[in-house]
Amino acid sequence: MRKEHNETEAIENYLFQRLSEEERMQFEAAMIVDTSLADKTEAQAGVYRLVRRFWRRQTRKKLERIYRQLMMDASFSRQFR
Amino acid sequence: MKPSEQELLIGIYRDAFPAAVQLIRRMGGSAEEAKDAFHDALLIYLERNATGSLQVRTSVKAYLIGITRILWLHSRNETVTLLPEEVESFVEEEREEEEEEKRLLDYLVLAGKKCMDILKAFYYDRLTLPEIAERFGFNSIRSATVQKHKCMEKIRNEVKKRNVYEERT
């Protein structure tokens with residue numbers, strides 16, 4: 001389990017460009033040797049995108065709620081009505 | 001989200017939205033279009049703020065109105081000579097969202113909601129590990145860390161299974 005978590009962390013550091021030039025090259029070399037690492041890295045990049053989409057979906061809903069709430073306040077809505 | 005953050009967001013909204021609607025109206029758009037563009041502008045602002053990659057040279061209000069204008073023009077297919085980087089990557093990513101990806105997200109919201117919430121809290125709400133432990137009821141920082149990793153691996157396996165991103169990046 002521990003090893004797996006370190007790997008997740010390493011992939012994150014690579015994808016977030018937190019590695020030094022040397023570490024980055026080492027990681028990329030490791031991906032060539034170990035295709036399962038390359039697959040995991042690709043899939044993990046997908047996770048960040050999904051989390052972003054999830055966040056956007058929820059935030060859009062939140063903004064709609066704020067909009068409806070503010071529109072009930074005449075001092076707000078009369079500014080552009 | 002901390003309560004003050006919600007209040008902050010409402011404050012920004014209250015401050016900038018009326019001017020954004022007025023501007024879009026003057027340019028010939030509707031209030032509804034203004035709202036859509038303004039919400040996208042807020043998403044860009046909040047997202048950049050959360051990931052620490054925001055560069056606001058003026059006020060937040062001026063920034064939001066500027067981005068709203070650009071997004072609205074863009075939605076009308078009007079040429080905007082130089083799309084700011086954050087707008088370009090946003091509209092691009094929104095455009096290329098695929099059905100398969102939507103379905104996977106729908107599925108995850110049902111089957112892995114807690115994990116999605118944890119990851120979102122970590123990457124977007126910028127909660128610290130003690131805050132995450134508290135919010136999700138873990139009894140230690142260590143178990144919050146372990147859980148975050150487990151979630152990452154769980155969702156990653158789902159992505160891998162479906163090959164959503166294969167042959168793309």
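Which residues in α3(A) meet L104(B), L105(B) and L108(B) in α5(B)? In this predicted model, the residues on the α3(A) side are L50(A), R53(A) and F54(A). By class, this contact of α3(A) with α5(B) brings together five nonpolar residues and one charged residue, with no polar ones. The two helices, α3(A) and α5 (residues 99-111) of chain B, pack with their axes 11 Å apart and at an angle of about 75 degrees. An angle from 65 to 115 degrees counts as roughly perpendicular, and α3(A) is therefore roughly perpendicular to α5(B).

From α3(A), the contact is made by V51(A), F54(A) and W55(A), while α6(B) contributes M116(B), L119(B), K120(B) and Y123(B). Six of the residues in this contact are nonpolar and one is charged, and no polar residue takes part.

The view can now be widened to the whole contact of the two chains. Chain B gives 32 residues to the contact and chain A gives 26. On the side of chain B that touches chain A, at least two residues come from each of α1 (3-26), α2 (31-50), α5, α6 and α8 (141-162). This side of chain B is made up of 21 nonpolar, four polar and seven charged residues.

Within α6(B), the buried residues are C115(B), M116(B), I118(B), L119(B), A121(B) and F122(B). These pack against α3 of chain A and, from chain B, against α5, α7 (129-136) and α8.

In soluble globular proteins, nonpolar side chains tend to be buried together. The largest nonpolar core of the model holds 22 residues, and the ones that touch the most other members are A20(B), A34(B), A37(B), F38(B), A41(B), L42(B) and L64(B). Two or more residues of this core come from each of α1, α2 and α3 (60-75) of chain B, and α2(B) gives the most, with nine residues. Beyond its neighbours within four places in sequence, L42(B) is in contact with L64(B) and, from the other chain, with L63(A). Another core, of 21 residues, lies apart from this one, and L50(A), W55(A), C115(B) and M116(B) are among its members.

Chain B as a whole has eight helices and zero strands. Its C-alpha atoms fill a box of roughly 55 × 40 × 25 Å along the principal axes. Of the 169 residues in chain B, 28% are buried. Among contacts in chain B with a separation of 6 or more, 52% join residues 24 or more positions apart.

Most residues other than glycine have a negative phi. Q17(A), however, has a positive phi near 55 degrees. Q17(A) sits in the loop between α1 (2-15) and α2 (21-33) of chain A, and it counts as exposed because it has 7 C-beta neighbours inside 10 Å. R126(B), also not a glycine, has a positive phi of about 55 degrees. Its place is the loop between α6 and α7 of chain B, and with 15 C-beta neighbours inside 10 Å, R126(B) counts as partly exposed.

Note on methods. Residues are numbered from 1 along each chain as its sequence is written. Chains are lettered from A and ligands numbered from 1 in the order in which they are written. This is a predicted model: local features need pLDDT of at least 70, side-chain atom pairs count only at pLDDT 80 or more; totals for chains, interfaces and linings use all residues. Two residues are in contact if their C-beta atoms, placed from the backbone, lie within 7 Å. Helices (H or I, at least four residues) and strands (E, at least two) are DSSP runs, numbered from the N terminus. Ala, Val, Leu, Ile, Met, Phe, Trp, Tyr, Cys and Pro count as nonpolar, Asp, Glu, Lys and Arg as charged, and the others, Gly among them, as polar. Axes are lines fitted to C-alpha atoms, for helices over the stretch in contact, and angles run from 0 to 180 degrees between N-to-C directions. Angles under 35 degrees count as roughly parallel, over 145 as roughly antiparallel, 65 to 115 as roughly perpendicular and the rest as oblique. A residue is buried if 20 or more other C-beta atoms lie within 10 Å of its own, exposed if 12 or fewer, and partly exposed in between; C-beta atoms are placed from the backbone. A nonpolar core is a set of buried Ala, Val, Leu, Ile, Met, Phe, Trp, Tyr and Cys residues joined through C-beta atoms within 7 Å.
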